[in-house]
There are 2 protein chains.
Amino acid sequence: MRVSIKDIAKVAGVSHSTVSRALSGSPLVNAETKSRIQSLAREMGYSPDAQARSLVMGRTLTLGVVVTRLTDPFIAEIVQAIEDTAHEYGYSVVLASSSAESEREIAAVEMLHSKRVDGVIVTSSRVGALYQQYLDRLGVPVVLINSHREEQGPYTFSITVDNRHGGYLATRHLLDLGHDCVAYVTGPANHSDDLERMKGYCQALTEVGIEFQPELVVPGTGRVEGGEIAFSRLMDLKHPPTGVFCYNDMTAIGLLRAARVSGLSIPEELSIVGFDDIPFASYVNPPLTTIAQPISQMGWQAVKMVLALIGESSEETRWVSNVIVQGRLIVRGSSGARGDKKILSGGISS
Amino acid sequence: MRVSIKDIAKVAGVSHSTVSRALSGSPLVNAETKSRIQSLAREMGYSPDAQARSLVMGRTLTLGVVVTRLTDPFIAEIVQAIEDTAHEYGYSVVLASSSAESEREIAAVEMLHSKRVDGVIVTSSRVGALYQQYLDRLGVPVVLINSHREEQGPYTFSITVDNRHGGYLATRHLLDLGHDCVAYVTGPANHSDDLERMKGYCQALTEVGIEFQPELVVPGTGRVEGGEIAFSRLMDLKHPPTGVFCYNDMTAIGLLRAARVSGLSIPEELSIVGFDDIPFASYVNPPLTTIAQPISQMGWQAVKMVLALIGESSEETRWVSNVIVQGRLIVRGSSGARGDKKILSGGISS
DNA sequence: TTGTAGGCGTTATCAC
DNA sequence: GTGATAACGCCTACAA
């Protein structure tokens with residue numbers, strides 16, 4: 001049924017090693033027989049068995065990618081960038097999603113281990129000590145994107161956005177617009193990104209001499225619904241904020257939506273800033289002011305790092321180190337000066 | 001370095017076949033030695049080599065997934081559903097994105113072939129005769145999701161949304177609202193989904209006795225920018241439409257955005273209907289009326305079909321056949337009765 | 001330039 | 001119960 005080099009060898013009247021050599025373009029084989037074998041292979045519909053090959057070669061030309069959920073546009077964009085870059089270097093991608101459940105996350109790593117991937121990229125995960133052990137056991141390079149880890153691993157490097165700085169930029173932007181009561185809506189509980197962003201929030205407050213108020217920090221989930229709930233919590237306060245910095249864009253969109261439902265106009269009555277700059281950030285109404293992460297660059301760079309660690313890329317392994325990238329503030333329509341009461345249902349604000 | 005069953009055998013003082021049996025839980029091995037070997041394997045950090053295993057077993061427990069681009073939220077959601085379902089059945093997923101370039105698409109299939117995946121799922125592609133040949137050569141079941149194919153393949157089945165019916169529903173909705181001048185913004189050129197949706201559009205027009213007008217069909221790209229361009233084209237017409245059915249939600253969002261920029265209010269002055277019901281459809285302002293595809297069900301079903309064809313699932317192979325799923329109309333705020341002039345910057349419309 | 005033989009890590013089929 | 005032994009499909013010394 002399936003044609004192997006032996007089958008070709010039989011038809012060509014040579015040994016399977018000659019076929020192997022001919023197909024790998026080895027110079028130590030008669031030019032004529034070589035081309036004869038090659039066209040024969042094509043005719044017979046030969047396809048090399050990658051498994052058998054990697055079994056002897058010791059590498060699979062495959063990268064494992066572990067994500068929480070692909071429906072997060074931020075993650076989808078990273079994976080796309082990873083796949084593109086991997087393809088460019090002749091690598092393919094095995095995908096595993098974990099739904100942020102540590103059990104599935106470990107199962108994913110175990111699976112990738114069995115598949116003998118040459119490297120692993122993990123996105124947006126919280127890497128606990130237990131998890132780190134599994135990563136170490138892999139014995140292949142691991143690059144963490146925007147993932148917090150509790151322990152250092154020998155083979156593990158990371159690419160992270162500077163969350164503290166991003167949180168600072170966002171909050172400072174609101175403060176500079178004249179808002180003196182600025183809230184923060186958190187992400188999923190105990191996420192280190194979240195804590196860092198909040199640190200930046202605090203830093204900005206301190207810098208302008210505004211006291212931190214615990215009630216102005218309300219929990220979100222990192223999803224739209226979380227933002228909606230946070231909105232009503234904030235509006236129920238004795239002194240509702242006039243500016244809100246949100247853990248991410250999804251949360252901010254939740255606030256936007258809840259505000260619209262409740263008839264509150266943005267940014268006239270409430271300024272909102274998100275984080276991530278997902279593709280949709282500019283399509284919502286009003287377009288979202290946010291902190292942009294260089295998303296596809298991070299995916300691209302993760303692959304380059306893994307390949308460098310494998311020794312595949314021309315880059316030297318010793319050049320590899322943890323990377324912190326800076327986000328940048330993108331000002332759009334969801335934030336405005338305090339007390340800046342524009343005409344309702346205003347015109348162009350893009 | 002890496003520990004194999006032979007290494008375990010050496011330490012345990014048994015043969016490698018006994019180790020193999022013990023680890024696969026075979027009953028024909030002494031209960032005591034079995035557990036001894038099992039704990040030994042754990043201590044030594046043994047991980048079975050999936051490649052070696054599938055080499056002899058003849059199956060890889062791996063599914064190949066070919067997509068155009070993951071940044072399309074519709075596709076991301078499908079892939080998520082595929083991964084979830086595959087995982088549930090003990091299968092893993094190799095991902096390949098093609099950017100809709102037929103060259104990369106074929107390269108992807110070639111790669112999946114070499115990797116000896118047990119089945120392939122292709123999403124949102126146009127499967128030409130050439131491509132179909134490659135799929136056939138795979139010798140494994142292929143399920144096409146929302147993909148048009150020119151030729152039948154022996155192993156190839158498909159899951160498609162009823163595009164004609166969806167287009168009909170959308171257009172009929174607009175007509176029922178009193179719009180008598182309804183436009184259609186197309187998707188990427190020569191896409192069969194697009195043609196089918198337009199057929200539904202035409203059918204609805206015919207049904208209510210409105211003549212089809214070619215100038216009311218303007219080209220889009222399936223992306224936001226395409227919708228924006230289409231908007232100005234439509235508004236430049238002598239008789240601009242009061243209702244627009246768009247190839248997909250991204251296009252509709254482009255129109256929404258362009259309308260906002262130009263100060264046109266939705267749905268008072270223009271009703272817009274999309275297609276897909278991507279997650280963001282309900283978050284834009286106004287929320288988008290659209291045709292919902294049962295996205296994750298399609299992903300889920302694709303995996304079930306592949307597994308049934310492999311003979312993995314309990315379902316019988318002969319039960320498998322092409323599936324056409326029906327979309328359904330989701331009425332939200334972007335469409336309204338003609339001449340229904342609500343107060344600008346209106347209240348709740350969700 | 002080509003063929004032979006061994007091995008990659010498994011599972012499976014035999015004997016013992 | 002357990003241990004040789006032969007596959008699976010490929011690559012690569014080593015020999016010829």
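Reader: Into which domains is chain A divided?

Author: Chain A of this predicted model comprises domain 1 (5-48), domain 2 (59-161 + 295-325) and domain 3 (163-288 + 332-349), with bounds from an automatic or database domain assignment. Residues are numbered from 1 along each chain as its sequence is written, and chains are lettered from A in the order in which they are written. Local features need pLDDT of at least 70, and side-chain atom pairs count only at pLDDT 80 or more, while side-chain values use heavy atoms.

Reader: What rotation superposes chain B on chain A?

Author: Two copies of a chain are related by a rotation about an axis and a shift along it. Here the rotation is 180° with 0.0 Å of shift along its axis (RMSD 0.1 Å), by least squares on the C-alpha atoms of residues with pLDDT of at least 70 in both. The two copies are therefore related as by a two-fold rotation axis. B:Val94 is the residue of chain B that comes closest to this axis, at 2.2 Å (C-alpha).

Reader: Which way do the residues of β2(B) point?

Author: In a regular strand the side chains alternate between the two faces of the sheet. B:Ser92, B:Val94 and B:Ala96 point one way from β2(B), and B:Val93, B:Leu95 and B:Ser97 the other way; all are buried, that is, under 20% relative accessible area (1.4 Å probe, protein chains only).

Reader: Which residue is the bridge partner of A:Val94 in β2(B)?

Author: The partner is B:Val94. Strand β2 of chain A (residues 92-97) runs antiparallel to β2(B), joined by 3 bridges; strands pair if DSSP finds at least two bridges between them.

Conventions
Buried means under 20% relative accessible area, exposed over 50%, partly exposed in between (1.4 Å probe, protein chains only). Helices (H or I, at least four residues) and strands (E, at least two) are DSSP runs, numbered from the N terminus.
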